[in-house]
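The sequence and the structure come next.

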Amino acid sequence: MKNHELLENVAYYDNIVQTIGDTPLVHLKSLTRDLACTVLAKVEFFNPGGSVKDRIGWTIIEDAERRGVLKPGGTIVEATSGNTGVGLAIAAAIKGYRCIFVMPDKMSQEKILLLRAYGARVVVTPTAVEPEDPRSYYSVANKLVEETPNAILANQYHNQVNPQTHYETTGPEIWRQTAGKITHFVAGMGTGGTITGVGRFLKEQNPHVKIVGVDPVGSILYELHRSGKTVKAESYKVEGIGEDFLPGTTDLRVIDEIVQVNDRESLLMTRRLVREEGIFAGGSCGSAVVGAIKYAREHKLGANDLMVVILPDSGSRYLSKVFNDDWMRENGFLESAWVDFRAVDIQAGKGEGALITAQPTDLMTDVVARLKQYGVSQLPVVDGNGRLLGVVTEIDLLNHMLNADHVHHADETIEAVIDINVPVVRPNTPLETLMPMLSHHHAVIIAAEDYVQGILTKIDILDFLASQM
Ligand SMILES: Cc1ncc(COP(=O)(O)O)c(C=O)c1O
């Protein structure tokens, strides 16, 4: 006989489902360094099944039991990109139900194996068919429910328990964790349950909170929200977000704006998340971060803006895809083998003593002489301890000196022309990340914890690559 008194004062959970939720907010310091606003990531892979969908698995099943449609020994069927399947499978394991999941063949092998590990039957269907096509994962799931005795469809795309769960859990968590200071919530949209539930709750607390959706190029949601028009859906690689129809669980009225992102920027950002923030997350998380940064830049969010972006799942489901260089190259998201080079390699290639800096108290004339002496067009500006303050460029110096509204004198320092909006990367930042930056900026600063370790321009990279030939 179990001695239940034994567990008195013992900190434990009665089952794994009780550990769902209360996922942490993590500051995206490096990736959003050159934004004035603060961006916090809500990291949902801390849930036991590794995704935000754990939240709705249990609640959908409990609701079906309460409504008497799910009976003991029953079977749960669902059309899923994988994560909802895991959430349902966890609840089914505890409650003794069988599971059948229908997944489009674009989903990763890892997800199929994971669902089978939970004891589920997995049926794989073609991705590139219309939603109403009898071969689509929606239609096959419906058919399986008809053919399977005592089976229910979890129906995440139309089941209002989905957004309601986020209204009751994810939304209140974010409000509490941000002490009500949140100004913007950013989320990718699959069923739209997350953004609709969280959006409804946050707007009830503060109607000024902006709800921002992120949609992959190829999905219909962006244009539907923007103009009301239903465009033809196209295929794309990122999993879990985007749609070819409007789910019943998506309330577009809650969403203030939708930002469009493409596969390439999403997947490259997913790799940056783990390499620059140590956050090992999935492709739709990269999409959400790209969307958040685009929105913050476009709307010039300020220092009083607090943005929360939700990261739905873990990278462990995508090792064969976004984290596999061959797959990335085959799909045209990575150029060449040189991508493995990092900023620190290229800086080292410039040789010892290559790092020349300036200080705010330096005279403008001295800095001009230093630029000329070393044949460079900009210098990192550091304080007395070598911490980064910004960059001084020849063009800013020139414009300043040509500015007739200003009286110039020999002991003028460079303080007035320091540009703080310079992109900064960590030493281990890969070449694939540097290139897009250098298409927008003259130079990129390499720094660890604000201490400058180098500065790279296009010619430095060209020179380095040439030396590798
Ligand atoms: C990886 C991933 N990201 C984002 C989402 C979107 O979440 P929601 O369905 O709540 O819009 C999903 C949904 O399945 C997902 O699996």
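How far apart do the C-alpha centres of domain 1 and domain 2 lie? They lie 24 Å apart.

## Basis of the model

This is a predicted model, in which local features need pLDDT of at least 70 and side-chain atom pairs count only at pLDDT 80 or more, while totals for chains, interfaces and linings use all residues. Residues are numbered from 1 along each chain as its sequence is written, and side-chain values use heavy atoms, with hydrogens and water left out.

## Domains

The chain is split into domain 1 (16-48 + 161-334), domain 2 (54-153) and domain 3 (338-467); these bounds come from an automatic or database domain assignment. Between domain 1 and domain 2, 33 residues of domain 1 are in contact with 23 residues of domain 2 (contact means heavy atoms within 4.5 Å).

## Ligand shell

The ligand is surrounded by 16 residues, with K53, G190, T191, T194 and S284 the closest (a residue is near if one of its heavy atoms lies within 4 Å). The shell comprises four nonpolar, nine polar and three charged residues; Asp, Glu, Lys and Arg count as charged, Ala, Val, Leu, Ile, Met, Phe, Trp, Tyr, Cys and Pro as nonpolar, and the others, Gly among them, as polar.

## Polar contacts and cover

Polar contacts are pairs of N or O atoms within 3.5 Å. A polar side-chain atom of K53 is 2.7 Å from a ligand oxygen atom, and one of N83 is 2.9 Å from an oxygen atom of the ligand. In the side chain of S284, an N or O atom lies 2.7 Å from a nitrogen atom of the ligand. Of the 390 Å² of accessible area that the ligand has on its own, the protein covers 98% (Shrake-Rupley method, 1.4 Å probe).

Key
Polar contact = N/O pair within 3.5 Å; in protein donor to acceptor, adjacent residues only side chain to side chain.
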